[in-house]
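Please read the points below alongside the sequence and the coordinates. They are short notes for a colleague.

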Amino acid sequence: MQAIEPPAHAGDAGDARIAVVTGASSGIGEATVLRLAREGWTVIAAARRTDRLEDIARSAAASGARGRVVVATLDVRDITSVDALATAVRSEHGACHLLVCNAGVGGGSLNGRGDLDAALDVLDVNLAGTLRCCAAFVDLLAASAPSQVINVASVAGKLGLGPSAYVASKFGMVGLSEALGAAWRARGITVTQLNPGFVHTEGFPQTWATGTPAARLVVGPEVIAAAVSRAARRRTEEVTSPHWYRGLVVLRHVATPLWRVLARAADGPRRRSEELRTRRSQAGS
Ligand SMILES: NC(=O)c1ccc[n+]([C@@H]2O[C@H](COP(=O)([O-])OP(=O)(O)OC[C@H]3O[C@@H](n4cnc5c(N)ncnc54)[C@H](OP(=O)(O)O)[C@@H]3O)[C@@H](O)[C@H]2O)c1
């Protein structure tokens, strides 16, 4: 792991709390790293594109962040890589107070047999990747208690809207977070499901909303980073961000038939754009 030191005028990060953020090289992960470093955390920023992580670490240091950013290579599909990160954090930092399982990919529509491998890949990164990280870090989290896992799931994992494998992976993350929360509470570990709505990022450019009234529903990754920071401060177990999506989540559970009618209408533009993409790619192949 490679540390980029904060500037000399920055505050003393010697007693900083230790956070690990996966999927830290762009979008929500990047914004979360910068936010936590600004607040004084020592942040281990992990992903595959380490050149991007080094730029993020340099920009945290240049902005005068009180905490420091340590760059680490991680592929959440590979248990050897995940175990190596947990071992390095234990030996180099001695603790992990916060694990943010954020690495994730979109896609995974299932329209035919040819889509299966891509759908399984989505489950492997989003759900199995989270499971691997939780398994590799649990002993260190327990030794560092009170500590916390924040799993970046999605409102898709509450509402059932979106590409099938993606939605399944996020429902899985929600269930995993609830079950682990119950199982690990006695060990001093809070497990949080953090469910973002539409966020404009590299992997999720939200082009379907461009030029439509729905563009107002799309927020920047800093909004979700602020929600991560709040959840870490308050040790909240469930967070919906932006918070107004919460109304839809409640509606989906207390008035499911009404929700289904509204959801079909509201999901029209996204589904039409997905169908258009599928038709174009079939015409091109
Ligand atoms: N944007 C949204 O609308 C939205 C809404 C709800 C939930 N989310 C969730 O938020 C999380 C972050 O997504 P984002 O929107 O910030 O997208 P993003 O900018 O594309 O970021 C995805 C991150 O995941 C990392 N990643 C992908 N595969 C990985 C792997 N095998 N091992 C390790 N890291 C991997 C990527 O880094 P490398 O490629 O460098 O490894 C990248 O840092 C995802 O879990 C996503 O499902 C997003």
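A residue is called buried here if 20 or more other C-beta atoms lie within 10 Å of its own, exposed if 12 or fewer, and partly exposed in between, with C-beta atoms placed from the backbone. The model is predicted: local features need pLDDT of at least 70, side-chain atom pairs count only at pLDDT 80 or more, and totals for chains, interfaces and linings use all residues. Residues are numbered from 1 along each chain as its sequence is written.

1. Overall content. The protein chain has 10 helices and 8 strands, where helices (H or I, at least four residues) and strands (E, at least two) are DSSP runs numbered from the N terminus. Of its 285 residues, 43% count as buried. Among contacts between residues at least 6 apart in sequence, 73% join residues at least 24 apart; a contact requires C-beta atoms, placed from the backbone, within 7 Å.

2. Val 33. This residue lies in helix 1 (residues 27–38). Val 33 is buried because 33 other C-beta atoms lie within 10 Å. Beyond its neighbours within four places in sequence, Val 33 is in contact with Val 21, Ala 24, Val 43, Ala 45, Ile 56, Ala 60 and Val 69. The C-alpha atoms of Val 33 and Val 20, 13 residues apart along the chain, are 8.8 Å from each other.

3. Helix 1 as a whole. Of its 12 residues, 11 are buried, so helix 1 is largely enclosed by the rest of the structure. The buried residues include Gly 27, Glu 30 and Arg 35. Just after helix 1, Gly 40 takes a positive phi of about 105°.

4. Ligand shell. There are 31 residues around the ligand, of which Gly 23, Gly 27, Arg 48, Gly 104 and Gly 203 come nearest; the criterion is a C-beta atom, placed from the backbone, within 6 Å. The elements giving two or more residues to this shell are helix 1 and helix 4 (116–143). Helix 1 supplies the largest share, 3 residues.

5. Strands 7 and 8. Strand 7 (residues 189–196) and strand 8 (residues 238–241) pair in the parallel sense over 4 bridges; pairing requires at least two DSSP bridges between the strands. Asn 195 has Thr 240 in strand 8 as its bridge partner. The chain passes from strand 7 through helix 7 (residues 221–234) to strand 8, and this β-α-β crossover is left-handed. A crossover is right-handed if, with the strands pointing away from the viewer, the path from the first strand over the helix to the second runs clockwise.

Methods:
Contact = placed C-beta atoms within 7 Å.
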